[in-house]
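Colleague: I'm new to this one. Can you walk me through it?

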Amino acid sequence: MSAKIPVTVITGFLGSGKTTTIRHLLQNNHGRRIAVLVNEFGEVGIDGELIRSCQVCDDETPEINLVELTNGCLCCTVQEEFFPAMQALLKRRDKIDHIVIETSGLALPKPLVQAFRWPEIRTGATVDGVITVVDCEALANGTLVGDIQAVEAQRQADPNLDHETPIEELFEDQLACADLVLLTKTDHVDRDNQQKVETWLKQELRAGVKVVPCQQGNIHPDVILGFNAAVEDNLEARPSHHDTEEEHDHDDNINSVPVILTQDFEPEDLIQRLKTMVKQQEIYRIKGFVSVPNKPMRLVLQGVGDRIETFYDRLWKPTESRQTQLVFIGKNLQVSEIKNAVQGSC
């Protein structure tokens, strides 16, 4: 029996930079044969396509390098989807040096790690480490978890808060399970605010867990791979809000709305339209591809709150339809309203 395949779980909130980090890892794998398992929230596989477009995956047999799970979080669908996906990867263990799992931004990491205690998986794979990706700019601006100082003051005054939102609990669970925190988008804040964020994070983390600044996913593979932590054997040291629950529920009001259009868009006009939508609706995340008139390349669009970034990743293929595909993740989003707003017809 060969040694167990090490598995790195990369978790983090919506738009924190998980996919960007994995793309950089695949493009700078230092000879490692890495299999990627992606879980997304929603029906349109944007993150999986972004990883495929890094041009290091084998186009002839993409299932060997990428198993994309859609329609739900890994922690909610492990029996239906995660288990057979891992079985398929373990059958190719002689061709894989490392497995990277990107969880949905709404997934709890601990139930996923617990699945590695299953005998069918335990004999072939072990969780090498859990990497939590955190958006420095968002925390510095007090979003997602609220104002940092205010949250800390509330926590000091009342350690048994019972009015936390599911998103706040999720963020804390992701930190509690981490072996390392990657602090992204540090170039968007000044040094003083970055230091405040790092200081706050260190107070929330287990002793010995480091916070490493990272821009555009640019991190050496040796920093995030090779922890040898066997996390599945040490879950008791990683407390979760859901440890006493037999099963957990996500906020049912959070949903994903896919919009697929044959329409071309000028980037500046579309971005302004999307920013207006974010102000009017509870939209946490926007991601997807845009067809730009008179441009042979596909435009990638990523948005968190009113921060929207774009870049051209590759040429449109002759065999594919030029479509604008966007996924909106938020609270109580309506398909017709979102689609009309994107098209400018409301």
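Colleague: Which side chain meets Glu236 in a salt bridge?

Modeller: Arg117, at 3.4 Å, N to O. A salt bridge is a side-chain nitrogen of Lys or Arg within 4 Å of a carboxyl oxygen of Asp or Glu. This is a predicted model: local features need pLDDT of at least 70, side-chain atom pairs count only at pLDDT 80 or more, and totals for chains, interfaces and linings use all residues. Residues are numbered from 1 along each chain as its sequence is written, and side-chain values use heavy atoms, with hydrogens and water left out.

Colleague: Where do Glu236 and Arg117 lie?

Modeller: Glu236 is in the loop between helix H11 (221-224) and strand E8 (254-261), and Arg117 in the loop between H5 and helix H6 (119-122), so the pair ties together parts 119 residues apart in sequence. Helices (H or I, at least four residues) and strands (E, at least two) are DSSP runs, numbered from the N terminus.

Colleague: Is Glu236 buried or exposed?

Modeller: Exposed, with a relative accessible area of 62%. Arg117 is partly exposed, at 33%. Buried means under 20% relative accessible area, exposed over 50%, partly exposed in between (1.4 Å probe, protein chains only).

Colleague: How many salt bridges does a search of the whole structure find?

Modeller: 11. One of them joins Arg206 and Asp179, at 3.8 Å, N to O. Arg206 is partly exposed at 23% relative accessibility, whereas Asp179 is buried at 12%. Salt bridges that share partners join Asp179, Arg206 and Arg238 into one network.

Colleague: New topic. Which residues have the most contacts inside the largest nonpolar core?

Modeller: Phe82, Met86, Ile99, Ile101 and Phe116, in a core of 25 residues. Such a core is a set of buried Ala, Val, Leu, Ile, Met, Phe, Trp, Tyr and Cys residues joined through side-chain atoms within 4.5 Å.

Colleague: Which element gives the largest share of this core?

Modeller: H4, with 6 residues.

Colleague: And what does Val130 touch?

Modeller: Its contacts (heavy atoms within 4.5 Å) include Val9, Cys177, Asp179 and Val231, not counting residues up to four places away in sequence. Val130 is found in strand E5. Val130 is buried, with a relative accessible area of 0%. Its C-alpha atom is separated by 6.0 Å from that of Ile10, 120 residues apart along the chain.
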